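Student: I have a structure open and would like to go through some of its residues with you. Could we begin?
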Amino acid sequence: MSQVEITPHESHGRWKWAEWGRGPYTALSKVMLGPPFEGHLEFTTDVDGEPWHIEVTYSKSGFAPAASDPIDAPRLYEWDIVGRGPGESKASYNLSPRFPDMRHWETGESVNLPWESQFGDVEGVDVEYSPSNIEPERALELLPEFFHAIFEEAGEPIYRKYFRKPPHPEYSREWAHERYVRIRREWAERLATSGVLQKVMHHLTDMEGVKAELKIDNEEVINHQNRLVLDPASVGELLPGHSYGRKFEIYQLKNADAVDKDHPSYHPKVEVLVNKAMNDGEAWAWGERRSVVEEIEESLLNFLAWDDIPLSPDATGVYVADDHFEAVARDDPIEIYSDPTPRLEAKSDHLLLTTLRDMGDTAEQVAGAVATDGGARVGDLAEELGKHPATIYRAIQDLGDIIQLDAGQVSYRARKYREEIRALVESAEYAIDSYADRMQSIMGMADHIADCSPFQKWLAKNGAEIEFDESGEPKRMRIDGILSMLKSDSFETAQEIASDALYKWTRSGNDPLPLRRTLMTWKTPSGDTETGYVGAVADR
């Protein structure tokens, strides 16, 4: 099965050269300062058959001139070179000098730069780069082309080897890299509303030593900016061998409906960004950049795969090409790992299951009271339940790792545990034993479905059973759980379950019509049984 090629969006870093001293910087300063350019030049040039509009300007640095500089100015200039190419491609550079004993232009104090500790008592140049919609390697190729085109435009000679050697692979650093695919709006909406972002976040809440943050911005339009930020420990729990923190984002223009539905920007981007802010302020060496790209691409495609988004761009109708994303198949396939979230869910479910099955009556009462109150003190629980405090402490011991006790305050270690127990307590048929039995059945089924279809996995996950008629068509489906028709309830809604069933049924290669005509039965929060056709329930 082919996989879609992921395209670069933005990157940011710094290249360093000591081979030519300050030669490139000095040469550019001589040409740009004074007449005829007075520090500003614009022109268009051709690079490998592509037109690039080049603009050269200056900015004031924070450095005082070196003692040997023959200039009468308190501070040095830095040179900004910006190239704008086809579509929205862009390559921006800031060229700055480096030399021993650099001083602040105003205070005269030494500037704390790593240059001397890295290169020693030599001069050189530092180029900060920030390309958009091109690979950083391509930006490195464009730099000497732009640089020499400036001198050709000025009619001045220049040393042709400037910037044609690789920058220092270790001292040159990159601190941000982002890549993306563009997918159709309907797929992105599913990805955001019931997909991998929430699933990953939910499961990480049960884990110690990780940090993650989910931000949803649907104020103007769904998926305007929905993002999940993961620290390195979180990423390591999800993807084997990964070590960089990152942001997974779905981005939709606020005014996307103002453009034609056939325009690429009508559909959102799905992006993964790695930067130093997510990695304890640490950048990575230029020579290590490919490992960062590999992690970005693995996480992007795996997140899509875990939400059953097809990865192949061939006639799937999922991916939308734009000026820079071609929606073509990649040459080298990426490793797709099994979805770790069911495994994480199984761990937390197993802990909850064994705790519920083994606890006594008082522990069950404590579990219910803490779930509904959001937490309680031991003395208050003893008074509420009519028990001696020592009995409450023994019950807390029986509840084990799902409960935490801190300075006499009892609460659940993970929101998942509280939500599960609270839903049971609020239901009309509050029976932890029957819940534990049902969970055991579901977990037992889950052991045998790793290679099954999405619909079979859905049946196991939801504890559902389906009957077929003599011709093999679905006839009746029973959901062994409590569902509500009200979104305000704490229970899952029947509409969500029916819609998800149809989606997974279709993803398994089946015609949706027979399942839409299938009777679905479930329990309501009041204890009654309700029945409706899957299609009709899903459309409510």
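Student: Is Tyr129 buried or exposed, and why?
Tutor: Please keep in mind that this is a predicted model. Tyr129 counts as buried because its relative accessibility is 0%, and buried means under 20%.

Student: Where is Tyr129 located?
Tutor: Tyr129 belongs to strand S6, which covers residues 124-129.

Student: Which residues is Tyr129 in contact with, leaving aside its neighbours within four places in sequence?
Tutor: Among them are Ser11, His12, Gly13, Arg14 and Trp15, and also Arg173, Glu174 and Trp286. With Glu174 there is a polar contact of 3.1 Å between the two side chains. Ser11 is 118 residues from Tyr129 along the chain, yet their C-alpha atoms are separated by 7.9 Å.

Student: Changing topic: how many salt bridges are there in the whole structure?
Tutor: A search of the whole structure gives 28 salt bridges. As a general point, side chains of opposite charge can pair when their charged atoms come close.

Student: What does Arg138 form a salt bridge with?
Tutor: The partner of Arg138 is Asp48, and their closest N and O atoms are 3.0 Å apart. This pair links distant parts of the chain, 90 residues apart: Arg138 is in helix H3 (residues 136-154), while Asp48 is in the loop between strand S2 and strand S3.

Student: And is Asp48 buried or exposed?
Tutor: Asp48 counts as exposed, because its relative accessibility is 64% and the exposed class begins over 50%.

Student: What about Asp322 and Arg182, how do their side chains meet?
Tutor: They meet in a salt bridge, with an N to O distance of 2.9 Å. Asp322 lies in the loop between helix H7 and helix H8 and Arg182 lies in strand S7, so the pair ties together parts that are 140 residues apart in sequence. Both Asp322 and Arg182 are buried.

Student: Which residue forms a salt bridge with Lys504?
Tutor: That residue is Asp308, and the closest N and O atoms of the pair are 3.8 Å apart. Here too distant parts of the chain are linked: Asp308 is in the loop between H7 and H8, Lys504 is in helix H15 (residues 494-507), and they are 196 residues apart. Lys504 is buried, because its relative accessible area is 17% and the limit for buried is under 20%.

Student: What is the phi value of Asp308?
Tutor: Phi of Asp308 is near 60 degrees, a positive value in a residue other than glycine. Glu38 also has a positive phi, near 55 degrees. Glu38 lies in the loop between H1 and S2, and it counts as exposed because its relative accessibility is 54%.

Student: Which two residues does a cis peptide bond join?
Tutor: The cis peptide bond joins Pro35 and Pro36, with omega at about 5 degrees. Pro36 is placed in the loop between helix H1 (23-32) and S2.

Student: One more residue, please: what does the side chain of Ser89 reach?
Tutor: The side chain of Ser89 reaches the backbone oxygen of Pro86 at 2.6 Å. Ser89 lies in the loop between strand S4 and strand S5, and it counts as buried because its relative accessibility is 6%. Not counting residues up to four places away in sequence, Ser89 touches several residues, including Trp52, Asn133 and His324.

Student: Finally, which residues are linked in a network of salt bridges?
Tutor: The network links Glu5, Glu135, Arg179, Glu297, Arg330 and Asp332.

Definitions and conventions:
Residues are numbered from 1 along each chain as its sequence is written. This is a predicted model: local features need pLDDT of at least 70, side-chain atom pairs count only at pLDDT 80 or more; totals for chains, interfaces and linings use all residues. Side-chain values use heavy atoms; hydrogens and water are left out. Helices (H or I, at least four residues) and strands (E, at least two) are DSSP runs, numbered from the N terminus. Buried means under 20% relative accessible area, exposed over 50%, partly exposed in between (1.4 Å probe, protein chains only). Contact means heavy atoms within 4.5 Å. A polar contact is a pair of N or O atoms within 3.5 Å; within protein, one must be able to donate a hydrogen and the other to accept it, and residues adjacent in sequence count only if both atoms are side-chain atoms. A salt bridge is a side-chain nitrogen of Lys or Arg within 4 Å of a carboxyl oxygen of Asp or Glu.
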